Amino acid sequence: MQDPDEPDYTAEGEPVPRRKRKPIGWSFITIGVLVVVSAALVWRRDGIQGVTEILTHDVTLFGGILPRVLAGCLLGAFIAEILPHDKVSRSLGPDSGLKGLLIGTAFGAILPGGPFTAYPVASALLTVGADFGATIAMVVSWTLIGYGRAVAWELPIMGADFTLWRIAISLPLPVLAGAFGRFVYVQMYPAKDEAE
Amino acid sequence: MNAALLIDVILWASVAGVGYIAWRRGPKVMTASLREGTWDFINIVPRIAVGVIGSGYIAAVIPQEIITGWLGPNSGWLGVATAVVAGAATPGGPVVGFSIGAVALKAGGGSPQVLAYVIAWALFAFQRLLLWEIPFMPARFVWFRAAVSIPFPFLAAAIAMVIGKP
């Protein structure tokens, strides 16, 4: 399997796929440095008032997002636990063909919530046996044809005409991106696939 | 009922739905998932906190006019390529990204270019990759996905040019 994590074993001796938790890494440091530098620039330009104004606004935003992040994490954890490993490998694995890409696309399109749900759930799918191709189809479908962001933000700001045409043009992209991803993956890691 | 509330209701209903399935499999499955999900949450909150609370500062120092300028009435494939880079570079949340797109449309930007901008931003805006995707997913997957996504804003722009919409 491509999952580098060693599975844990429960008392019954059944393997439980487990996602590895990351230590604070360079991506976090990058964001942190960007934030500190930007906040310093805002402070120089607008003074302390500009800094606190943005802080108040974003803390409120964070408070609103927090319960949804919890919901996303729980959704991902439940899905990782209840989806049968063998079935997922069959319907979303490397040999799932066009059907796997279509299932990934459909799943991404109906998934509720924002990034706080899409990424934990996508990560759960990878853990239980979906391949990069189907997971790419799911993530791309969520970002391009999922209704969450379109209804909440795009329709009011960009207007219905642009939004609907944008979604119509985007319809084939998740399957194409998944197929392209699967193709590139096999080119990049051919030996691994043969070993399976 | 507004859209955000509706989405919250669907979200928590989905959590309850899969939670119920887990509970039917046995209380052990239920508590194991609850513990796993809660630990993920505790682990992720500091990153999200720094990113979300700090994103206002990043958006405030990169003036939107600069990005809108890149999307100007500059037509053709160079305009599309610029739009893709602008989409990847746009900081902040959905309000910032879509507002820039809307302003560019009003300011006479070509629709294939604005389309490429919105799609590139949705697929691989750097701040979303770092703030949301990397903490939750294997880094190898994130970079792989972003890299194979690069052709698709161009493809969308090509489709838009052929059909003459939006």
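Reader: How many residues of chain A are in contact with chain B?

Author: Start with what a contact is: two residues are in contact if their C-beta atoms, placed from the backbone, lie within 7 Å. By that rule, 69 residues of chain A are in contact with 70 residues of chain B. Keep in mind that this is a predicted model, where local features need pLDDT of at least 70, side-chain atom pairs count only at pLDDT 80 or more, and totals for chains, interfaces and linings use all residues. As for the labels, residues are numbered from 1 along each chain as its sequence is written, while chains are lettered from A and ligands numbered from 1 in the order in which they are written.

Reader: Which helix gives the most to the side of chain A that touches chain B?

Author: Helices here are DSSP runs (H or I, at least four residues), strands are runs of E (at least two), and both are numbered from the N terminus. On the side of chain A that touches chain B, α1(A) gives the most, with 32 residues. At least two residues each come from α1, α4, α5 (132-145), α6 (147-158), α7 (160-170) and α8 (173-188) of chain A.

Reader: And what classes of residue are on that side of chain A?

Author: The sorting goes like this: Ala, Val, Leu, Ile, Met, Phe, Trp, Tyr, Cys and Pro count as nonpolar, Asp, Glu, Lys and Arg as charged, and the others, Gly among them, as polar. The side of chain A that touches chain B has 46 nonpolar, 14 polar and 9 charged residues.

Reader: At what angle do α1(A) and α4(A) pack?

Author: Each axis is a line fitted to C-alpha atoms, for helices over the stretch in contact, and the angle runs from 0 to 180 degrees between N-to-C directions. Helix α1 (residues 26-82) and helix α4 (residues 115-127) of chain A pack at about 15°, with their axes 8 Å apart. For the wording, under 35 degrees counts as roughly parallel, over 145 as roughly antiparallel, 65 to 115 as roughly perpendicular and the rest as oblique. That is why α1(A) and α4(A) are called roughly parallel.

Reader: Is their crossing left-handed or right-handed?

Author: Look at whether the near helix is turned from the far one by less than a right angle anticlockwise (left-handed) or clockwise (right-handed). The crossing of α1(A) and α4(A) is right-handed. Residues that meet there include Ile65(A), Val69(A) and Gly72(A) from α1(A), and Phe116(A), Pro120(A) and Ala124(A) from α4(A). By class, this contact divides into 11 nonpolar, 5 polar and 1 charged.

Reader: How are α7(B) and α8(B) placed relative to each other?

Author: Helix α7 (residues 126-136) and helix α8 (residues 139-149) of chain B pack at about 130°, with axes 9 Å apart, and they are therefore oblique to each other. Their crossing is right-handed. Leu129(B), Glu133(B) and Ile134(B) of α7(B) make the contact with Ala139(B), Val142(B) and Ala146(B) of α8(B). That contact has 5 nonpolar, no polar and 1 charged residues.

Reader: Which domains does chain B have?

Author: Domain bounds come from an automatic or database domain assignment. For chain B, the assignment gives domain 1 (1-61) and domain 2 (63-166). Their centres, taken over C-alpha atoms, are 27 Å apart. In chain B, 6 residues of domain 1 are in contact with 8 residues of domain 2.

Reader: Is Gly108(B) buried or exposed?

Author: Count the other C-beta atoms, placed from the backbone, within 10 Å of the residue's own: 20 or more is buried, 12 or fewer is exposed, and in between is partly exposed. Gly108(B) counts as exposed because it has 10 C-beta neighbours inside 10 Å. This glycine lies in the loop between α5 (94-106) and α6 (111-124) of chain B. By contrast, Gly159(A) is partly exposed, with 13 other C-beta atoms within 10 Å, and is found in the loop between α6 and α7 of chain A. Across chain A, 45% of the 196 residues count as buried.
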